[in-house]
Amino acid sequence: MAKKKDEVPEEINKELDAPKFGKPKSLTNTGYVLDINEKDKKVDLQLHESVQGTSIIEGLNISKDVKINALEKGVMCEFKLNELKAKLSKQTVDYLAEQGINLTEIIQYELVEIKILDENA
């Protein structure tokens, strides 16, 4: 049985709060903007082809090159995304497993380019 702990050790907390991402992998996908958070410069997307087992990505970071006012909800778009992965240390993976969490890496996406495909969709 997993040994649940109330407090996360400092080293593990640091790794989870500030993961060291590797080189980004570029992906292209089509879909729709579901929601835009202008204050935090984040967006939620519905993708036609799933990435990492999901077709909805929430809280996606928006690149400085993307103009937030160019984003429109419900319009068919082509998105260029950067996928960033950070492998977790054995110590962190083992700790999380003790807590009943199966996680070996952190994956983050960034919207780097958007192209509207059909404004009448």
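Where is the place of Lys41? Lys41 sits in the loop between strand E1, residues 25–37, and strand E2, residues 42–51. Please keep in mind, colleagues, that the model before us is a predicted one.

I shall begin with that loop. The phi angle of Lys41 is near 55°, a positive value in a residue other than glycine. Lys41 counts as exposed, because its relative accessibility is 53% and the cut-off for exposed is over 50%.

A second residue with a positive phi is Gln52, where the angle is near 50° and the residue is again not glycine. Gln52 belongs to the loop between E2 and strand E3, the latter spanning residues 54–62. Its relative accessible area is 49%, so Gln52 is classed as partly exposed.

The side chains of Gln52 and Glu83 are joined by a polar contact of 3.4 Å. Glu83 is buried and yet has no salt bridge. Which side chain of opposite charge is nearest to Glu83? That side chain is Lys25, at 4.2 Å; a salt bridge would require a distance within 4 Å. Leaving aside residues up to four places away in sequence, Glu83 touches several others, including Lys23, Pro24, Leu27, Ile107 and Tyr109.

Finally, I turn to Glu78, which is also found in strand E4. Glu78 counts as partly exposed because its relative accessibility is 29%. Beyond residues up to four places away in sequence, its contacts include Thr28, Asn29, Glu113 and Lys115.

Note on methods:
Residues are numbered from 1 along each chain as its sequence is written. This is a predicted model: local features need pLDDT of at least 70, side-chain atom pairs count only at pLDDT 80 or more; totals for chains, interfaces and linings use all residues. Side-chain values use heavy atoms; hydrogens and water are left out. Buried means under 20% relative accessible area, exposed over 50%, partly exposed in between (1.4 Å probe, protein chains only). Lys and Arg count as positive and Asp and Glu as negative; His and the chain ends are not counted. A polar contact is a pair of N or O atoms within 3.5 Å; within protein, one must be able to donate a hydrogen and the other to accept it, and residues adjacent in sequence count only if both atoms are side-chain atoms. Contact means heavy atoms within 4.5 Å. Helices (H or I, at least four residues) and strands (E, at least two) are DSSP runs, numbered from the N terminus.
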